[in-house]
Amino acid sequence: MQNECKALLSSTTSFEFNPIDRMHLSLTKTFTIRHHNIAPFVENLREQLDGRRRFRLEFSGVQVYVNEERTRTFIGVRVAEESYGPLNELVSSLDECLCEYKLPLYYTDRSFHVSILWCLGDREAEVRSELPAIIAVFERVYEEEYCDISQQVKTLWFKCGNKSFHFDLI
């Protein structure tokens, strides 16, 4: 689907979209933490996430997103609202950890998604005009290749610099 959406946008826009190599769903904003706080922060995350159960994510459609600084535009696959329950619970737990270190909390107006393509700059208006065609590609690929576009979440990852920490769900 990435390639088809990228080809569509390349033929209709003057800017280049790049595929997201490691697709993910973010549950925190990007933040900076002091090196000496990483280990205690990870331990705090472990305590908050201990005993959390696996859950299924359902997806529903495509949307255009722009980062807070308005320096990048993304095309993302939306998480269906019926899957928001476990995600909101996780964000609340993660926000508690962030609060202890005076780090930025997650957005109050949440739109959970997995980005599939990105480009430099605020191209929201241009991409929105192409959204019906992108949605048509998504729906066709979804129907042909996936009868179920849901995903079982078994592990959460925390990436900090060049280190990654994983938290297995039960």
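This is a predicted model: local features need pLDDT of at least 70, side-chain atom pairs count only at pLDDT 80 or more; totals for chains, interfaces and linings use all residues.
What is the handedness of the crossing of α2 and α3? That crossing is right-handed.

Helix α2 covers residues 38–49 and helix α3 covers residues 84–100. They pack at an angle of about 150°, and their axes lie 10 Å apart. An angle over 145 degrees counts as roughly antiparallel, and α2 and α3 are therefore roughly antiparallel to each other. On the α2 side, the contact is made by Phe41, Asn44, Leu45, Gln48 and Leu49. On the α3 side, the residues are Leu90, Ser93, Leu94, Glu96, Cys97, Leu98 and Glu100. Sorted by class, this contact has 7 nonpolar, 3 polar and 2 charged residues.

Helix α1, residues 2–12, packs with α4 at an angle of about 155°, with the two axes 10 Å apart. These helices, α1 and α4, are therefore also roughly antiparallel to each other. The crossing of α1 and α4 is right-handed. From α1, the contact involves Glu4, Cys5, Leu8, Leu9 and Thr12. From α4, it involves Glu130, Ala133, Ile134, Val137, Arg140 and Val141. By class, there are 7 nonpolar, 1 polar and 3 charged residues in the contact of α1 with α4.

I turn now to the sheet. In general, strands of a sheet pair through backbone hydrogen bonds, either parallel or antiparallel. Which order do the strands follow in the open sheet of 4 strands? The order is β1-β5-β4-β3, and the pairing is antiparallel. The edges are held by β1 (18–19) and β3 (59–66); each has a single partner strand, so one side of each is left without a neighbour in the sheet.

Is Gly61 buried or exposed? At 17% relative accessibility, Gly61 counts as buried, because the limit for that term is under 20%. Leaving aside neighbours within four places in sequence, Gly61 is in contact with Gly76, Val77, Arg78 and Phe138. The C-alpha atoms of Gly61 and Ile135 are separated by 6.8 Å, although these residues are 74 apart along the chain.

Elsewhere in the sheet, strand β5 spans residues 113–120 and includes Ser115. With a relative accessible area of 11%, Ser115 is buried. Not counting residues up to four places away in sequence, Ser115 touches Ile20, Met23, His24, Phe74, Ile75 and Gly76.

Next comes a hairpin. Strand β7, residues 155–160, and strand β8, residues 163–168, pair in the antiparallel sense over 6 bridges. In this pairing, the bridge partner of Thr155 is Asp168 in β8. There are 2 residues between β7 and β8, and Gly161 in the turn has a positive phi of about 65°. In a regular strand, side chains alternate between the two faces of the sheet. Which residues form the covered face of β7, and which form the uncovered one? Leu156, Phe158 and Cys160 make up the covered face, while Thr155, Trp157 and Lys159 make up the uncovered face.

Finally, I would like to mention two backbone angles in loops. Most residues other than glycine have a negative phi. Where is Arg70 found? Arg70 is found in the loop between β3 and β4. Its phi is near 60°, a positive value in a residue other than glycine. At 41% relative accessibility, Arg70 counts as partly exposed. Lys102 is found in the loop between α3 and β5. The phi of Lys102 is near 55°, again a positive value in a residue other than glycine. At 77% relative accessibility, Lys102 counts as exposed.

Thank you for your attention.

Definitions and conventions
Residues are numbered from 1 along each chain as its sequence is written. Side-chain values use heavy atoms; hydrogens and water are left out. Two strands pair if DSSP finds at least two bridges between them. Axes are lines fitted to C-alpha atoms, for helices over the stretch in contact, and angles run from 0 to 180 degrees between N-to-C directions. Angles under 35 degrees count as roughly parallel, over 145 as roughly antiparallel, 65 to 115 as roughly perpendicular and the rest as oblique. A crossing is left-handed if the near helix is turned anticlockwise from the far one by less than a right angle, and right-handed if clockwise. Contact means heavy atoms within 4.5 Å. Ala, Val, Leu, Ile, Met, Phe, Trp, Tyr, Cys and Pro count as nonpolar, Asp, Glu, Lys and Arg as charged, and the others, Gly among them, as polar. Buried means under 20% relative accessible area, exposed over 50%, partly exposed in between (1.4 Å probe, protein chains only).
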